[in-house]
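Student: I'm new to this structure and would like a close look at one part of it. Please pick a strand in the middle of things and walk me through what surrounds it.

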Amino acid sequence: MSAGAWRRSALGRGVDVLRRATPRLQRLYAQLPASAGLAPDATAAAHEERLLRYYRHLADHVPALPLQPTFSLVVTDEAPDPDLLAETLASLRLQVYPRWQACVPEGVATPPGIPVTRHAGDPRGHTTGDYVIHLDPGDRLYPSALAELVRAIDLEERLTGTAPAALYTDERTIGPGGEMSGDPVFKPGWSPRLQRSGDYVGALAVYHRDLLTGAVPGDAAD
């Protein structure tokens, strides 16, 4: 990808958005290079370049996958804090994978440039994505989050012949100043027994839209 094409790409625009993001979001993403897997004495520039190579790889690789699902990201809080909602939506604008829409309550103001639909308490009739994710105001996604979900969905479909009905991810808690708080939460594989003993699926749960209508992906129609 040429330098000019990079600047015009969704990912290139996302990097520009990152630089103009809210202060707390800026502080959050400023710390992302620490998780890039380089040696502790590596420079900040080396960390940033490692991340950008990773995002470029996703931007080039994911659109070539046979499955290209869409995501509806639903904010269910009917009166969200405007600043927290802005941070959540700003993190969506940074996504490497572009096939998503935000679904927010009617009457809630949103920043320009964010593709949104509106719901009046029950978003099921307003979510057109293949997969649905519920977000609380203040939840933020890494720029790679949706792209990595697409890779997981594609891999499951290739291995089993059926796209997954639900997915969940690891997560981190962000402090009030945008700093990383505590250790990452690395979650085990799916266990119904473990889930009954305590909800370990956590914040970012991803459900196929058919689950909201009672049909599981891959089921034959009656």
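**Around strand 4**

Tutor: Let's start with a helix: helix 5 lies across strand 1, strand 2 and strand 4, running at about 165° to strand 2. Helices here are DSSP runs of H or I with at least four residues, strands are runs of E with at least two, and both are numbered from the N terminus. Axes are lines fitted to C-alpha atoms, for helices over the stretch in contact (heavy atoms within 4.5 Å), and angles run from 0 to 180 degrees between N-to-C directions.

A quick word on the source: this is a predicted model, where local features need pLDDT of at least 70 and side-chain atom pairs count only at pLDDT 80 or more, while totals for chains, interfaces and linings use all residues. Residues are numbered from 1 along each chain as its sequence is written, and side-chain values use heavy atoms, with hydrogens and water left out.

Now zoom in on strand 4, residues 131-135. Of its 5 residues, 4 are buried, so the strand is largely enclosed by the rest of the structure. Buried means under 20% relative accessible area, exposed over 50%, and partly exposed in between, with a 1.4 Å probe and protein chains only.

What does strand 4 pair with? Strand 1 (residues 71-75) runs parallel to strand 4, joined by 5 bridges, and there Val75 faces Leu135. Strand 8 (residues 205-208) is antiparallel to strand 4, with 3 bridges; here Val132 sits opposite Tyr207. Strands pair if DSSP finds at least two bridges between them. Step back and you get an open, mixed sheet of 6 strands, ordered 3-2-1-4-8-5. Its edges are strand 3 (116-119) and strand 5 (166-168), each pairing on one side only.

Look at Ile133 next. Its contacts include Phe71, Leu73, Leu146 and Val206. Ile133 is also among the residues with the most contacts inside the largest nonpolar core, which has 32 residues. Such a core is a set of buried Ala, Val, Leu, Ile, Met, Phe, Trp, Tyr and Cys residues joined through side-chain atoms within 4.5 Å. Strand 4 is one of the elements that supply at least two residues of this core, while helix 6 gives the most, with 6 residues. Helix 6 (145-160) lies across several strands, including strand 4, and runs at about 130° to strand 1.

Finally, follow the chain onward: Arg140 lies in the loop between strand 4 and helix 6. Arg140 is buried, at 18% relative accessible area.

Technical notes: Lists of a residue's contacts leave out its neighbours within four places in sequence.
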